[in-house]
Amino acid sequence: MLVKLERRAHPSRVMVAGAPLAAAVLTILGGSVLFAALGHDPVLAFHAFFIAPVSDLYGLGELSLKATPLMLCAIGLAIGFRANVWNIGAEGQLIAGAICGGGLALYVGPSGGALLLPAMLVAGALGGMAWAGLAAFLRVRFNANEILVTLMLTYIAGLFLSYLVYGPWRSPTGFNWPESSDLADAARMPRLLAGTRLNLGIVIAPAVALLAWIFLARSYLAYSMEVGGLAPKAARYAGFSQRRMIWLGLLAGGATAGLAGVIEVSGTIGKLREVVSPGYGFAAIIVAYIGRLHPIGIILASFMMALFYIGGEQVKVTLGLPSAITGVFQGMLLFFLLMSDLLIAYRPRWTGMRRASVRRPSDADA
Amino acid sequence: MLTLELFTAIFIAVMGAGTPLVLAATGELVSERAGVLNLGVEGMMLVGAAVAFAVTAETGSAVAGVAAGMGAGMALSLIFGFLTLTCLANQVATGLALTIFGVGASASIGASYTGAALVVTSAFKIPYLGDVPVFGELLFSLEPLTYLSLLMAVAVWYFLMRSRPGLVLRAVGDAPESAHATGFPVIAIRYLAVLFGGAMAGIAGAYLSVFYTPVWVENMTAGRGWIAVALVVFATWQVPRMLAGAYLFGGVTIVQFHIQSANLGITTQFLSMLPYAATIIVLVIISSNAMKVRLHTPAALAKPFHADD
């Protein structure tokens, strides 16, 4: 062994902040290698992926537009992840929110007033909470693993949306496309900036992040959840209810994901269709991690992830590469982060060509 | 009335639908028995499917395709192993990253084949035995990979429960510190288990794209990798139960297809929900007996191990 890992006495603060940056740099390097391997000039490809999409106002607007749902989903997920509640079905909760909020708008129709939009947001959040709450109930009552349940519920939500837009909610004037009628003006998010598609969502998402920050930093409940995540035995000893943690962790994720869903429908898309999200709910898992499960970090990370999405669309147009390459970048980013995280708790030590030193049994179990 | 031909047809269909689940779940079961929870099965299956499809399309050889799919699954599992075993990363997060990576990578690999179909002639029959009426057809004319899946499941059962190396593997999953103190290379054994899981997931993907539905469609595994992970939990980490579960799910898939073609007026989307809903229901039934699940869960499942800590 040339390099030996030694446990640090204290976690490295430098690496806590540095690992996401290191991961971002490594992903960009890795991506350039990938582009070169696919026979493209890495500099050109890099420009097409990371620079060109955000070099004008419209592009920046699109970036913020994609950052919004990622930010929202990731904030809710982070609250659960802190307590070791593994909600990986934010995509399904997003769809549930889109169905409930969009459904309300379709039901009310063009007669909706000023209260319609707030009502839709509430309906969307409640829809996401209901979908996540189902997983929480099954976990608390029957001990069913929330990873698998939330994921299966995502498939079911997607199929249900598909049923709605192929069946009862299909637009009568839509030439048989699987989509609903356009939402009425009262049901649309107000646009914020001429020359972009930016809408009110970009204000709502950071506001939710701010609320989450206050909740996480100030509330006893959030503290007890964090203890539950870091030291489950200590949490049990302190009498923190595990059931409450599971409920709260999942409901928080469901609420923000549902909100993201209704904002997508009401803001960007303007109707319900078979696919309302290109995997924002899954990408948000990575955003939550890159953002260190902290609201401010998540805001930054969501813009980085949004860049991957529009970069993927850009290289599809300019280089003819499949846009699915975004997923490759997302995976790489999390790989590199998890790899860099090793250096938070451990210090690599060069041991040269010698054999690893003899272990003393008394050192076991640090 | 259930005629013999109908029974044979249903039997073959259920075996075929269960095969990818048996393959993937067998691999995951070994990995988890060694204490490693790899949630990247779906991603490994997808990349295996894409690579196998591409190689079969280019070379015309299904054998080369399956081998390439297996290699691709192993390559992905090696990334997982490096991160979780060498870099001690969180296994849940790494597995999710592997699946996201695999979804993107498979779609990129398969992009130029979207909608393309493979012409695989798989009129495979075991010589002589396959020609025996009824039983020959019933038992000896399934897909070669279906036999492989059964063979591997039995071999893994024997390995884990009846062989000494299998005992060591289980020790590594239950008490890595003790195994390490006894002198067994915990990390190396876990690497091998993870690689085996990757190879099996790759073959499972190859089976789907080359034999089962030989047309490339993005995300063609449609959650089967996740269902395989769930199957291992249902089976409380035991091979015979895992087999039963896989064919139960194969059966659910087939029932869904038959109702669909019988045109009973049930919407397609609701039928397509069946396997996912069934997964939740079975998970709830099995998990509600918390004691039993805890008793069988490998004690060190998903816990990183570092010898010098």
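In chain B, what share of the contacts with a separation of 6 or more comes from residues 24 or more positions apart? The answer is 78%, where a contact means two residues whose C-beta atoms, placed from the backbone, lie within 7 Å. The model is a predicted one, in which local features need pLDDT of at least 70 and side-chain atom pairs count only at pLDDT 80 or more, while totals for chains, interfaces and linings use all residues. Residues are numbered from 1 along each chain as its sequence is written, with chains lettered from A and ligands numbered from 1 in the order in which they are written.

Chain B has 14 helices and 0 strands; helices here are DSSP runs of H or I with at least four residues, strands are runs of E with at least two, and both are numbered from the N terminus. Its radius of gyration is 20 Å, close to the 19 Å from the globule rule for 309 residues, so chain B is as compact as a globular protein of that length. That radius is taken over C-alpha atoms, and the rule is 2.2 Å times the number of residues to the power 0.38. Of the 309 residues, 51% are buried, that is, they have 20 or more other C-beta atoms within 10 Å of their own, with C-beta atoms placed from the backbone.

Turning to chain A, there are 13 helices and 2 strands. The radius of gyration of chain A comes out at 22 Å, close to the 21 Å that the globule rule gives for 366 residues, so this chain too is as compact as a globular protein of that length. Its C-alpha trace spans about 75 × 60 × 30 Å along the principal axes, and 53% of the 366 residues are buried.

One helix of chain A gives a local picture. In α8 (residues 220–230), M225(A), V227(A) and G228(A) are buried. They fall within an arc of 160 degrees seen down the axis of α8(A), so they line one face of the helix; the arc is that of the directions from the helix axis to the C-beta atoms. Their cover includes α3 (57–82), α9 (232–237) and α10 (242–269) of chain A.

Finally, the two chains meet: 41 residues of chain A are in contact with 42 residues of chain B. On the chain A side, α13(A) gives the most, with 13 residues.

Definitions and conventions
A residue is buried if 20 or more other C-beta atoms lie within 10 Å of its own, exposed if 12 or fewer, and partly exposed in between; C-beta atoms are placed from the backbone.
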